[in-house]
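User: I would like to learn how to read a few features of a protein model, taking the general idea before the particular case. Could we work through the structure together?

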Amino acid sequence: MTIMKMKPATFAFTVFKYVSIILASLVALLPICVCVLTAFKTTEEYNTTSVLDLPASFAYFENFVIAVQQANMFRGFMNTAIVLVVVLIVSIFTGSMLAYVLNRFKFKGSGVIHTLFMFASLIPGIAT
């Protein structure tokens, strides 16, 4: 459908839809950009510049070395990987069993159970 053939209400909704998507993307990406920019700044540079200013050099890796050595980042990555694998295995088994039952047997309330499981699967296991 071209812009010329759109009704004004449809055009307004389409514009609103895309503007809201762009704004939501900016809200989600801005903190990540700030963290990445800040990671490459020296302490003095961090204290004297805005958070959105580019660092003087992207070759400053001392912050990453400190994070790996003092914060034990590799242990955290390993713990995250373990939780991820366990949650995926449990979720796949539970989802497979539920899908079999809901597909094989038709009973009262199966649609409600299906809908509830779909909503529950949208929430990451680590969040629960």
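User: How many disulfides does a search of the whole structure find?

Analyst: In general, a disulfide is a covalent bond that joins the sulfur atoms of two cysteines. This is a predicted model, and searching the whole of the structure turns up 0 disulfides.

User: Is Cys35 buried or exposed?

Analyst: Cys35 is exposed, its relative accessible area being 55%, whereas Cys33, at 41% relative accessibility, counts as partly exposed.

User: What confidence does the predictor give the chain and its elements?

Analyst: The protein chain has an average pLDDT of 87, and 94% of the residues score at least 70. Among the elements of the chain, the highest mean pLDDT, 93, belongs to helix 1 (residues 8–39), while the lowest, 84, belongs to helix 5 (residues 110–122).

User: How many aromatic pairs does the structure hold, and how is such a pair described?

Analyst: A pair of aromatic rings is described by how far apart the centres lie and by the angle between the planes. The structure holds 4 aromatic pairs. In one of them, the ring centres of Phe40 and Phe58 are 5.3 Å apart and the planes stand at 65 degrees, so this pair is edge-to-face. Phe40 sits in the loop between helix 1 and helix 2 (43–48) and Phe58 in the loop between helix 2 and helix 3 (62–70), so the pair ties together parts 18 residues apart in sequence. Phe40 counts as buried, at 14% relative accessibility, whereas Phe58 is partly exposed, with a relative accessible area of 43%.

User: Which geometry do the rings of Phe40 and Phe61 have?

Analyst: The rings of Phe40 and Phe61 are also edge-to-face, because their centres are 5.9 Å apart and their planes are at 75 degrees. This pair links distant parts of the chain, with Phe40 in the loop between helix 1 and helix 2 and Phe61, 21 residues apart from it, in the loop between helix 2 and helix 3. Phe61 counts as partly exposed at 47% relative accessibility.

User: Which residues form one aromatic cluster?

Analyst: One aromatic cluster is formed by Phe40, Phe58, Phe61 and Phe64.

Key:
Residues numbered from 1 in each chain as written. Predicted model: local features only at pLDDT ≥ 70, side-chain atom pairs only at ≥ 80, totals over all residues. Heavy atoms only, no water. Disulfide = S-S within 2.5 Å. Buried < 20%, exposed > 50% of the residue type's maximum accessible area, 1.4 Å probe, protein only. pLDDT = per-residue confidence, 0-100. Helix = DSSP H or I, 4+ residues; strand = E, 2+ residues; numbered from the N terminus. Phe/Tyr/Trp six-rings, centres within 6.5 Å; stacked < 30°, edge-to-face > 60°.
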